Amino acid sequence: MKTVQQFADRCAEDFVNSFHQPIKPQELSNMDDDSQDHMKAFMTTLDSFQECFKNAVRRIIVPHLRQRNASLPISKLPFELMQRIFHATLILESGERHEEYVTTLLTLRSVSEAWRDLTNKTPTLWTHLSSGDHPSFISKAFESSGNCPLHLMCTVRRAERFELELFLDQALARIHCWESVSIHDPEGSDLRKYFEHPAPRLKRLTLTRESWDTADSNFSICGGSWELAEEIRIKTWFYELDWGGVRCRRLRILNIHTCGNLDLVLLIGIIQENKYLEILKLEDIEFTPTPSLLQPSRPPIVLSHLRALTLVKLYFNVDPDFDPPSQDPPAFHISRNIRFPRCTDFSSSLYGPEGLHGKIDLEYLTTSSPHPPDILSLASLATALSAANSLVAHLDPPSEFARLTTDDGVPQSVKFSVYIWSAPQFFLRSWIGDVVTRMPGEPQPEMKLVVRLERQASGLDTLTAFKDCEAVTELSVLIDPWNVSEEIRDGLLHLLAMPYTSGSGTIRTPFPSLRRIDAPGLLQGAGGNAILDMIKTRFNAPGVNVDVPETIVVHGWGGKEGFKWPDLDGIREMHAFREITFV
């Protein structure tokens, strides 16, 4: 410490004198030779001080701190316990390394000689490597990790070429230790040179790209030898992967997103070979047309461990204008080959005759197809759907779009969402009706019906189709207030108020279980008299057996106000209605 202090004292006066009259940047070009020499000498002094300080820290301060740290109580903990603490500091519970992994590891080594020795004797601390790490750290880590399983992350296009090849060469020499490999933005030449060789201990593989370019030939990642693989994640991958030689039976996670030219037969075969799958997510995948897909080649496999299933935007690579699809979409084929348990979180999307790549004729499939559309029918979804107690049906008649999901705002044991595009209205009503119809003794779910309307009153036909649905407890109407006409506003109030005669000849109230109406775009222009007339007609109609609410809560311009039945005259004085709740 004396050395640093003496040198600092000697330089202090020079520093003060030099900064007493600082030279402005615009004056640098006008400096004479003496001034420039003075400035260079001053900068040299600064460099000398910096170097001296670094050397002093290394020679004096660091050993002093290490000696002091060695006497701290934490340094007296058992060796095995310290190893656990170091692991928890460096590695996340997910198995990935901490964001500051390299810095933290080097800091731990610098605390004391004992901790430095501990890190040197614990090879598992050195097993998480990235191509972006400093080359000296990479070399040290490969050397210190021994034969422990390695977790490698290679971001090819963001690395300097020399440093990348240095990383990959060292990694390839230890391919027998690869346990987890993430490859981001690879070049085709690097795939062929470094990643086509078998990795016998591989458990987790992630392949991602940010660009959409394709390769000229097939690649067999790690030789397709994935016997121990448990997790496979592939995203935005348009290289031609060779799935034909893939061998794996221990997969827990299979997640493929935004990929092209996959063989559906091979993929179904892989799924059927992995009965321990917990997560199966397939999204935005283009499959090559396969004439052999007519019916399942074997009985459906029961994926009893499956917790999440996603079948979204799956389609064959065909031109609907010149080569109309003659087979069911990929999601149907996959659903015919698997069965999943009650607790599975489910997500899917399907297309009608006008959908992406000319999907399917939903009416035909529900009536005369030799293979029923399992993914739409209650038979396939019953195990998941019957566990839901609160649903949301979102209908968009102008876009011929529908979405049926579980209500995220209500705790329940299952989560699912099904998206359907280009489907006729009668089909959506029939299908959603099948979903909410339960077996005897099973509780019926509650359903929030959300409908988007446009200016035309014909949009009310969608709402009318659901008026007999006892599951609907909430009704939400979305419409641009500037597009609201008196015809559509009066039509909605009439629909909610007037009883109708069912097919069996019974007089019934529309939406008999309705407890909440949320339609600010429509209701805000209705007067208090019109709202009051709707409520009284709904609950006072002769010959209709309906439970009259104790309280009606109306949300208008001045906020919410409750009215006890039948004292409702105060509603006449309200305006700019948004929401009505029957309690």
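**Entry 1: the model.** I am working from a predicted model.

**Entry 2: largest pocket.** I looked up the largest pocket and found about 500 Å³ of space in it. I counted 18 residues in its lining. G95, E96, S180, S182 and T206 lie nearest the centre. I then checked which elements give two or more residues to this lining: β1 (128–130), β2 (150–155), β3 (178–184), β4 (204–208) and β6 (231–237). By class, I noted four nonpolar, nine polar and five charged residues.

**Entry 3: second largest pocket.** The volume here is about 290 Å³. I find 16 lining residues, with P512, F539, N545, V546 and D547 nearest the centre. Two or more residues come from each of β20 (507–508) and α17 (528–540).

Entry 4: I searched for aromatic pairs and got eight in the structure. One of them joins F539 and W565, edge-to-face, at 6.0 Å centre to centre and 80° between the planes. F539 belongs to helix α17 and W565 to the loop between β23 (559–564) and β24 (579–582), so the pair ties together parts 26 residues apart in sequence. F539 has a relative accessible area of 8%, so I log F539 as buried. W565 comes out at 23%, so I log W565 as partly exposed.

**Entry 5: cluster and charges.** I found Y101, W126 and F137 in one aromatic cluster. W126 also has the charged end of K140 over its ring, 5.6 Å from the ring centre. Elsewhere, I noted the charged end of K467 over the ring of Y500, 4.4 Å from its centre.

Terms used:
Residues numbered from 1 in each chain as written. Predicted model: local features only at pLDDT ≥ 70, side-chain atom pairs only at ≥ 80, totals over all residues. Heavy atoms only, no water. 1 Å grid on protein atoms, 1.4 Å probe; cavity = no way out; pocket = protein on both sides within 12 Å on 5 of 7 lines; lining within 4 Å. Points joined across faces, edges and corners; volume = space filled by probe spheres on them. Helix = DSSP H or I, 4+ residues; strand = E, 2+ residues; numbered from the N terminus. Nonpolar A, V, L, I, M, F, W, Y, C, P; charged D, E, K, R; others polar. Phe/Tyr/Trp six-rings, centres within 6.5 Å; stacked < 30°, edge-to-face > 60°. Buried < 20%, exposed > 50% of the residue type's maximum accessible area, 1.4 Å probe, protein only. Lys NZ or Arg CZ within 6 Å of the ring centre and 35° of its normal.
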